[in-house]
Amino acid sequence: MAADLLEIKDLTLHYGGSQILNGISVSAAKGEVTCVMGTNGVGKTSLLKAISGTHPRSTGTYTLEGQDIGKTNAQMLAQMGVAYVPQGREIFPFLTVRENLETGFACLPKQHHKIPDEVFDLFPILKDFLSRRGGDLSGGQQQQLAIARALITQPKLLLLDEPTEGIQPNIIKQIGEVIKLLRTRGDMAIILVEQFFDFAFELGDKFIVLERGQVKLSETAGQIDRDLLHAAVSV
Ligand SMILES: Nc1ncnc2c1ncn2[C@@H]1O[C@H](COP(=O)(O)OP(=O)(O)OP(=O)(O)O)[C@@H](O)[C@H]1O
């Protein structure tokens, strides 16, 4: 198995006085997809917020490529290669597709301020729509744009929060193919939060199931029984 890029131990997270995550340990390796699963409200998005630094971690240790990144903030984490595609995509509706993509440059030194051709190889539709406003794209196209924008930051760790939510089946399939391709490339670790069971099961190398802010189950694809995993993520 590949060496872990990300290692998180005993993470806790609070919103005000409410403790939402409790003693979470997660690791992720380059060339692997780690799926975080569980029913609504168990803390999946909160975990991604903690990893991306968009919400402060209360306690726990966090290393990226062996480097302790303790209280490093979201902007610094993005510059270190942590890219977060949030649930709901959060593209800028009044910016064009090109301008949305260019926002990814904020994490990069000036000499890398060019949209790589690879982005259009992965998502050809974006090339045709470069001048359209983000808000005029379909939900699936917006999701592709959000993933493309994250890839422009040259991530080592890609965090995807429910990329299939509300998306038409043909685009879900394309997004699945892109995730497979990125995994095969082997230069990034992917953490995928997903409630679409078949999609997650097909892509995952590791599965972590959360329940009320704790890890209920953590297994590799080779070890996990499909029915057991399905039961673990069902209400
Ligand atoms: N900003 C916030 N302030 C207070 N409580 C919050 C906040 N965001 C989330 N929560 C609560 O934290 C818990 C975990 O939410 P979170 O969004 O992380 O779960 P989730 O597993 O991603 O759910 P879903 O699948 O519905 O997106 C829920 O009880 C939610 O109501």
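I began with strands 7 and 8. Strand 7 (residues 157–161) and strand 8 (residues 189–193) run parallel, joined by five bridges. Strands count as paired here if DSSP finds at least two bridges between them. Strands are DSSP runs of E with at least two residues, helices are runs of H or I with at least four, and both are numbered from the N terminus. Within this pair, Leu157 stands opposite Ala189 of strand 8.

I noted what I was looking at. This is a predicted model, where local features need pLDDT of at least 70 and side-chain atom pairs count only at pLDDT 80 or more, while totals for chains, interfaces and linings use all residues. Residue numbers start from 1 along each chain as its sequence is written.

Six strands make an open sheet with mixed pairing, in the order 6-7-8-3-9-10. Strand 6 (82–85) and strand 10 (214–220) are at the edges with a single partner strand each, so one side of each has no neighbour in the sheet. Neighbouring strands are turned by 15° against each other on average, direction ignored.

I then checked which helices pack there. Helix 1 (residues 44–52) packs on the sheet and touches strand 3 (33–37), strand 6, strand 7, strand 8 and strand 9 (206–211). Its direction makes about 155° with that of strand 7. Helix 7 (residues 169–185) lies across strand 3, strand 7 and strand 8, at about 150° to strand 8. For these angles, axes are lines fitted to C-alpha atoms, for helices over the stretch in contact, and values run from 0 to 180 degrees between N-to-C directions. Contact means C-beta atoms, placed from the backbone, within 7 Å.

Strand 1 (residues 4–15) pairs with strand 2 (residues 18–29) in the antiparallel sense over eight bridges. His14 stands opposite Gln19 in strand 2. The two strands form a hairpin with two residues between them. In the turn, Gly16 has a positive phi of about 55°.

Last, I looked at the whole protein. I found nine helices and ten strands. Buried residues are 40% of the 235; buried means 20 or more other C-beta atoms within 10 Å of the residue's own, with C-beta atoms placed from the backbone. Of contacts between residues at least 6 apart in sequence, 73% join residues at least 24 apart.

I also checked the UniProt record. Its unreviewed entry places "domain: ABC transporter" at residues 6–235. That span is 33% helix and 27% strand, and its end C-alpha atoms lie 29 Å apart. UniProt annotations may be inferred rather than shown by experiment.

Technical notes. A residue is buried if 20 or more other C-beta atoms lie within 10 Å of its own, exposed if 12 or fewer, and partly exposed in between; C-beta atoms are placed from the backbone. Two residues are in contact if their C-beta atoms, placed from the backbone, lie within 7 Å.
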